[in-house]
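Student: Could you walk me through this structure, one piece at a time?

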Amino acid sequence: MILNEFEHKGIELKGYSEGGIRTSIIWPALNAMFDMGNSNPDQVQYQNLFLTHSHSDHFAGTPYYVSQRSLKGLPKPNIYLPVAIHEKVDRLFKLYSELEEYEYKYNLIPAKIGEEYVLNKQYSVMPLPTFHRVVSQGYTVLETRSKLKPEFMGLKGPELKEKKDSGIEIETTIKTPVFSFSGDTKIEYVLENEAVQKSKILFLECTYLDNKRNVERAREWGHIHLDEIIQNAKYFQNEKLVLIHFSQRYRYKEIREFIRDKVPKELMEKIHIFIPSKKQ
Ligand SMILES: [Zn+2]
Ligand SMILES: [Zn+2]
């Protein structure tokens, strides 16, 4: 399968997203995937998986992924998921394991809204509420950086070293949201989560684009319509807004045309349409 690729300021992401069919976004440097999509042998190598909800276009490949890693003797995958579906998914893996007659090895982590899960010194991940037809949550990656405290700014290297050596804490840490992934949701995911509005990169579902499937219809199904993104443009403080999860009713050409025709210039400058490039 050919994966779409996206890069912004050194953060490289790849994956695929087709509404109702399959969605998975991979951050290779973080050894992480956001949703699993369907069964894809090329994704087995990534150890951290963040699941937004249990709809099959986001989830169905997960038992295969656990099975393959167990079979190949790879380290246990860390699978983060909403607390409310933890037990059911655990039961599902056990049943699969029974059917296959070998042990599935995995860490299933019930990930609480608003809690931070540390991946490494630089990055942690926080689940934030989404609004869909089943239990769901999005994920925001926070970057931790050290910063000199304001009172020590302007001091020279040796002076700073002296302070540090005498036990004074000269640095403070700041956390910034660098990436958010919506999974499936209504627009409230953006309106109610400041960290999502401020994420440098936001991967946001935009299932419907035209007037046949209007805003009301989109909301009824727990999705976002392009018109809602345009109406709420002021909330998007992101550097890049990557639109995913387009309904299968639109051809790639139509997706590009609808967005180009409807979206005002200022918003358009930050939008990236996550579909295969024209050449493919
Ligand atoms: Zn979906
Ligand atoms: Zn869904």
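**Helices and sheets**

Tutor: Helix α4 (residues 157–165) is hardly covered, and the count of buried residues among its nine residues is zero, where buried means that 20 or more other C-beta atoms, placed from the backbone, lie within 10 Å of a residue's own. Helices (H or I, at least four residues) and strands (E, at least two) are DSSP runs, numbered from the N terminus. This is a predicted model, in which local features need pLDDT of at least 70 and side-chain atom pairs count only at pLDDT 80 or more, while totals for chains, interfaces and linings use all residues. Residues are numbered from 1 along each chain as its sequence is written, and chains are lettered from A and ligands numbered from 1 in the order in which they are written.

Student: What comes just after α4?

Tutor: G167 does, with a positive phi of about 95 degrees.

Student: OK, sheets now. What is the strand order in the open sheet that has β1 in it?

Tutor: The order is β1-β2-β3-β4-β5-β6-β7, with mixed pairing; two strands pair if DSSP finds at least two bridges between them. At the edges stand β1 (4–8) and β7 (107–111), each with a single partner strand, so one side of each lacks a neighbour in the sheet. From one strand to the next the twist averages 20 degrees.

Student: And which helix packs on that sheet?

Tutor: Helix α3 (residues 86–100) does, touching β6 (78–82) and β7, and its direction makes about 165 degrees with that of β7. Such angles run from 0 to 180 degrees between N-to-C directions, with axes fitted as lines to C-alpha atoms, for helices over the stretch in contact.

Student: How do β4 and β5 pair?

Tutor: Strands β4 (residues 32–34) and β5 (residues 48–50) are parallel, over three bridges, and F34 has F50 as its bridge partner in β5. Leaving aside neighbours within four places in sequence, F50 is in contact with A32, F34, Y80, V125 and Y139, contact meaning C-beta atoms, placed from the backbone, within 7 Å.

Student: Which strands are at the edges of the other sheet, the one with β8?

Tutor: That open sheet of seven strands runs β8-β9-β10-β11-β12-β13-β14, with mixed pairing. Its edges are β8 (117–118) and β14 (271–273), each with a single partner strand, so one side of each is left without a neighbour in the sheet. Strand β13 (residues 240–244) pairs with β14 in the parallel sense over three bridges, and V242 stands opposite H272 in β14.

Notes. Contact = placed C-beta atoms within 7 Å. Buried ≥ 20, exposed ≤ 12 C-beta atoms within 10 Å, placed from the backbone.
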